[in-house]
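Please read each point beside the model shown here.

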Amino acid sequence: MTTSSTQDTELRESIAAQRREVAEMLSGLPSQSWDAPTLCAGWRVREVAAHMTMPFRYSTRQFLTELGQARGNFNRMADRSARRDGALPPGDLLAALSDNAGHPWKPPGGGFEGALVHDVIHGLDITVAQGIDLTVPEDRLRIVLDVITRPKTVKYFAAELTGVELRADDIDWSFGSGTPVSGPAQHLALVVCGRRLPTGLLRGDPGRRFAAA
């Protein structure tokens, strides 16, 4: 087996484990929590779950039809689909995630690394907003941190990181330069991805910049 195939196999194992853990977390939520807000602006838990499972529920033809209706704007298409599909029964969304833990979906141009980032960040969108203690294992988190701090990805998320050094206090990791903002690495990953976090999760004066209003 080549190095590339080995890496892909390991990534797929990490993706499957991440999906199973998110599915287990969702299965334990009381019904009212599916209507609770997440860190994705305007999306409740049900919309995030719908978005996470969209690649498993849509055929290529359906995806292209939806994208065409959104005039090629993926973000517009994703938002519309999540809001519509979020009306599905929670059990259906949960099954779509747990039954597809090993699904080989990869975001266009993102590879399996991108798929892992997608599942980790959206899982945290739910757990951090709800105050659920679900720690992402360090090996997965380091892959996510490497991907999201690449110049192209930082530009895509457009978080205001000027003059700030993000400094993890649970693993050896930092990003940027300037006044330190510290906290758990998985919370800092959300900052890089443009999320606004609940107050009190970060330390350092610039941390207020990344707190929810």
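1. Leaving aside residues up to four places away in sequence, Gln18 touches Leu116, Asp119, Val120, Val136 and Arg140 (contact means heavy atoms within 4.5 Å). Gln18 belongs to helix α1, residues 3-27 (helices are DSSP runs of H or I, at least four residues, numbered from the N terminus). Gln18 counts as buried because its relative accessibility is 5% (buried means under 20% relative accessible area, with a 1.4 Å probe and protein chains only).

2. The model is predicted, with local features needing pLDDT of at least 70 and side-chain atom pairs counting only at pLDDT 80 or more, while totals for chains, interfaces and linings use all residues. Residues are numbered from 1 along each chain as its sequence is written, and side-chain values use heavy atoms, with hydrogens and water left out.

3. Helix α2 (residues 45-57) packs against helix α4 (residues 74-85) at an angle of about 110°, and their axes are 8 Å apart (axes are lines fitted to C-alpha atoms over the stretch in contact, and angles run from 0 to 180 degrees between N-to-C directions). The two helices are therefore roughly perpendicular (65 to 115 degrees). On the α2 side the contact is made by Glu47, Ala50, His51, Met54 and Arg57, and the α4 residues include Phe74 and Met77.

4. The volume of the largest pocket is about 1400 Å³ (a volume is the space filled by probe spheres set on the grid points; a pocket is an open set of points on a 1 Å grid where a 1.4 Å probe fits, with protein on both sides within 12 Å along at least five of seven lines, and lining residues have an atom within 4 Å of a point). Of its 39 lining residues, Phe74, Pro107, His118, Tyr156 and Phe157 are closest to the centre. Helix α6 gives the most to this lining, with six residues.

Conventions. Parallel < 35°, antiparallel > 145°, perpendicular 65-115°, else oblique. Buried < 20%, exposed > 50% of the residue type's maximum accessible area, 1.4 Å probe, protein only.
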